[in-house]
Amino acid sequence: MVKKKEFMNHSSNGGSQEQENQSWRKEANDRILQHRQRELVINVINKEKKPVAGVEVEIKQIRHEFAFGSAMNDQVLFNQTYADFFVQHFNWAVFENEAKWYANEPERGEITYEKADAMLNFANRHQIPVRGHALFWEVEDANPNWLKSLPNHEVYEAMKRRLEHAGNHFKGKFRHWDVNNEMMHGSFFKDRFGKQIWKWMYEETKKIDPQALLFVNDYNVISYGEHHAYKAHINELRQLGAPVEAIGVQGHFEDRVDPVVVKERLDVLAELGLPIWVTEYDSVHPDANRRADNLEALYRVAFSHPAVKGVLMWGFWAGAHWRGEHAAIVNHDWSLNEAGRRYEKLLQEWTTQRVEKTDANGQVTCPAFHGTYEVRIGEESKMLQQQTIELDSTKHTPLQLDIIVPVE
């Protein structure tokens, strides 16, 4: 079984759409300032509630609200360098194969979650939320071999067992579920039971694990222009009554990511009013500089788009990437290539870290990216106060924070 499917290699849309639009970067940056930041106002006061001027305030972002994640495979269980890199660079995870049906039940009735559970334990230790990928998979070749030869009534019974067993085993552990992967490009279950089976999958998953956000997940959407077909497909699922709650767009690119085209395709999907996640990003090119430009184009546009809540790479290390070393951001020897350096640079650009002194009103004001912050008042040699705060995106008004320090 291949690690992940191959996707249709359509040629990119031609014409003016593909012309480099030099203004895209400024427009994206303007949207980032608008949608990904909020004003933070720190008021430093004493016990009498009088402002304390001239005291040092450090504002340090320790976590992003936006998901900068990656696929994780079982390397994380035995390769310490892989594990360390993951924790240092990503705040969300999705298992590459370990929660798929063929991995959990390789032989009929022989169910195992050993690797998935060990990887969940790792993620939990490091406070990394995990997407569930995938409960079912509509593409025939991606199903367990033993399932394919069964008569329809036994396939249905096996599906019920999979849903109940895996659904309950992972209940509360996955934040998301890709309920039935790649329904636009497969028909294994639909051919046997009709499209109503899709509604059944979603409804039953919701009953078992009501806290998990239920996704569709498919490819060729932002990379090869099947966005209108995907929008129609999601509308059809909703009309069937399937509780689809979020949109997963895979982004497996070849030699070029056109940021203007990607934004147009995201705009079409955003009309559905559902959160969008770029669930699987990679770009294959032997030139790491081109890979870096592609990565920046995708990430800058995705981070700037108000409907997009996260981007997850589909792997990062040349030694364990499903598309090989020419898709990786880290070389075999764990040195960063240009794509890896660009990724780190983007994270740095979108992370707020400030050290300032309070003004005459005892105040420090700054725009800050949504996320979790440590705020420290006072010099390092004499820390007066420290606290952790959440600057979330649910409100657009400034967050006013009064911090009392023990000074006259």
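**Close-up 1. Helix 1 passes helix 12 in a left-handed crossing.** In this predicted model, local features need pLDDT of at least 70, side-chain atom pairs count only at pLDDT 80 or more, and totals for chains, interfaces and linings use all residues. Residues are numbered from 1 along each chain as its sequence is written, and side-chain values use heavy atoms, with hydrogens and water left out. A crossing is left-handed if the near helix is turned anticlockwise from the far one by less than a right angle, and right-handed if clockwise. Helix 1 (residues 24-35) packs against helix 12 at an angle of about 40 degrees, the axes lying 8 Å apart. On the helix 1 side, the contact is made by W24, R25, A28, N29, R31, I32 and H35, and on the helix 12 side by E296, A297, R300, V301, F303 and S304. Contact means heavy atoms within 4.5 Å. Helices (H or I, at least four residues) and strands (E, at least two) are DSSP runs, numbered from the N terminus. Axes are lines fitted to C-alpha atoms, for helices over the stretch in contact, and angles run from 0 to 180 degrees between N-to-C directions.

**Close-up 2. Helix 12 and helix 13 cross in the right-handed sense.** The axes of helix 12 (residues 288-304) and helix 13 (residues 338-349) come within 7 Å and cross at roughly 30 degrees. Helix 12 is therefore roughly parallel to helix 13; angles under 35 degrees count as roughly parallel, over 145 as roughly antiparallel, 65 to 115 as roughly perpendicular and the rest as oblique. Residues of helix 12 that meet helix 13 include A288, L295 and Y299, and those of helix 13 include E338, Y343 and L346.

**Close-up 3. Three strands form an open sheet in the order 12-1-15, with mixed pairing.** Strand 12 (363-369) and strand 15 (399-404) are the edge strands, each pairing on one side only. Two strands pair if DSSP finds at least two bridges between them. Strand 1 and strand 15 are joined in the parallel sense over six bridges, and L40 stands opposite L399 in strand 15.

**Close-up 4. N43 lies in strand 1 (residues 37-45).** N43 counts as buried because its relative accessibility is 12%; buried means under 20% relative accessible area, exposed over 50%, and partly exposed in between (1.4 Å probe, protein chains only). The side chain of N43 makes a polar contact of 3.1 Å with the side chain of Q400, and another of 3.1 Å with that of D402. A polar contact is a pair of N or O atoms within 3.5 Å; within protein, one must be able to donate a hydrogen and the other to accept it, and residues adjacent in sequence count only if both atoms are side-chain atoms.
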